[in-house]
Amino acid sequence: MIILSIETSCDETSLALVEAKGGIKHPKFRVIENIVSSQISLHAPFGGVVPNIAKREHLKNLPVIFNRILKNPASKKIEAVAVTVGPGLEPALWTGVNFAKEVKLKLKTDSPKLKLVGVNHMEGHLYSFLLSQKTQLPVSDFKFSKTKTFPAIGLVVSGGHTILLLLKSLTEWKRLGETRDDAVGEAFDKVARMLGLPYPGGPEIEKAARKGDENSVLFPRPMMKDKNYDFSFSGLKTSVLYYIRDHEEQSKNKEFIEDVAASFQKAAVETLVYKSMRASKEYKAKSVILAGGVAANKYLRKSLSKAAFESGLNFFAPDMEFNTDNAAMIAAASYIQILKKKRRRIAAESNLTL
Ligand code: KG4
Ligand code: ZN
């Protein structure tokens, strides 16, 4: 089936056309279009996303991107319209939800059975690895198959969430732990700001860290050795803040920034990898699945994939274009939902989680 999907939960306006087929054990996807219009440059001067600017830009961008999508011949065969209903910024979510309802009315004449599917944004992230035809990682036998995948440990890391899951199948999971304070993406963004790097900070930290010495500062790894599977990144962030304050005279120095970025990144990633691998041992997982905007971080991808392979586990992560917010992942999650015959209210729900 051809799915048109819409994502407006934060600062990216995105529409995708995805062909989905197969059953729940082997869902297959072909991304026909995945158009992402980023508003980053408009929010950057404010150091974060401004909800009303996001709403205004989504309203402006949605019809423009939709008209581009309509030029694709596959748009004549749309059988489902999928839209992110949450979590996210409420005014931003409503723009997508209302637009999806309008689109459904417009397209209904050609396809009277057209479905409207409300999607959880975090499920979109979780399933984004299914969109990969190949992977950028050193996995030679990238094949999604039940025997090599489940039980799986899922690490979902974004700007608003840090969640560790135990997945029995694609659709059955238990939450093992989550962050008690800041999400890891949020910590990257805040540390970047302390170092005078632009918003969004995650990619900037990664770039600076490449040239830095990751062993120059030993930052704490809060809760890493605790028995539970929860995380805490606020203490790490505060330690970085104190370190920068204590070395104020060097804080504008390029090398200092690179060293702090690398040391912070190492501390954050080590905690994520340590707990994911401990969970994989305890629950005898066959694979580790990484997802969410922070999954774009190559240092995290490398560290976690290496740890998984060394333990004889498979490793799955989305292709680079599907890590940060995009509509293709919403189409993947909507298809799983359609297969499961699960229905969700078509209304913004800013606090949804996994
Ligand atoms: O999933 P996402 O696009 O939006 C949310 O649902 O939150 O994630 C955005 C988060 C931001 O905090 C951003 O700084 C972080 O992902 N991020 C990264 C990288 N790329 C994006 N963090 C670390 N390294 C990156 N390369
Ligand atoms: Zn996201």
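In the predicted model, Pro151 is placed in the loop that runs between helix 5 (146-149) and strand 6 (152-157), and the peptide bond that joins Phe150 to Pro151 is cis, with omega at about 0°. A cis peptide bond also joins Tyr199 and Pro200, here with omega at about -5°, and Pro200 belongs to the loop between helix 6 and helix 7.

The space taken by ligand 1 is the largest pocket. Because domain 1 (2-130 + 321-340) and domain 2 (137-316) both contribute residues to the shell, ligand 1 lies between the two domains.

The shell around ligand 1 consists of 17 residues, of which His125, Gly159, Asp189, Glu206 and Asn297 come nearest. By residue class, the shell divides into four nonpolar, ten polar and three charged residues.

Polar contacts to ligand 1 involve both side-chain and backbone atoms of the protein, as the following pairs show. In the side chain of Asp189, an N or O atom is 2.6 Å from an oxygen atom of ligand 1, while a polar side-chain atom of Glu206 lies 2.7 Å from a nitrogen atom of the ligand. On the backbone side, a polar atom of Gly202 is 3.1 Å from an oxygen atom of ligand 1. Taken on its own, ligand 1 has 550 Å² of accessible area, and the protein covers 88% of this area.

Key. Residues are numbered from 1 along each chain as its sequence is written. Chains are lettered from A and ligands numbered from 1 in the order in which they are written. This is a predicted model: local features need pLDDT of at least 70, side-chain atom pairs count only at pLDDT 80 or more; totals for chains, interfaces and linings use all residues. Side-chain values use heavy atoms; hydrogens and water are left out. A residue is near a molecule or strand if one of its heavy atoms lies within 4 Å of it. A polar contact is a pair of N or O atoms within 3.5 Å; within protein, one must be able to donate a hydrogen and the other to accept it, and residues adjacent in sequence count only if both atoms are side-chain atoms. Accessible areas come from the Shrake-Rupley method with a 1.4 Å probe; for residues, only the protein chains shown count as cover. On a 1 Å grid over the protein atoms alone, a cavity is a set of points where a 1.4 Å probe fits but cannot get out, and a pocket is an open set with protein on both sides within 12 Å along at least five of seven lines; lining residues have an atom within 4 Å of a point. A molecule sits in a cavity or pocket if more than half of its atoms lie within 2 Å of its grid points. Ala, Val, Leu, Ile, Met, Phe, Trp, Tyr, Cys and Pro count as nonpolar, Asp, Glu, Lys and Arg as charged, and the others, Gly among them, as polar. Domain bounds come from an automatic or database domain assignment. Helices (H or I, at least four residues) and strands (E, at least two) are DSSP runs, numbered from the N terminus.
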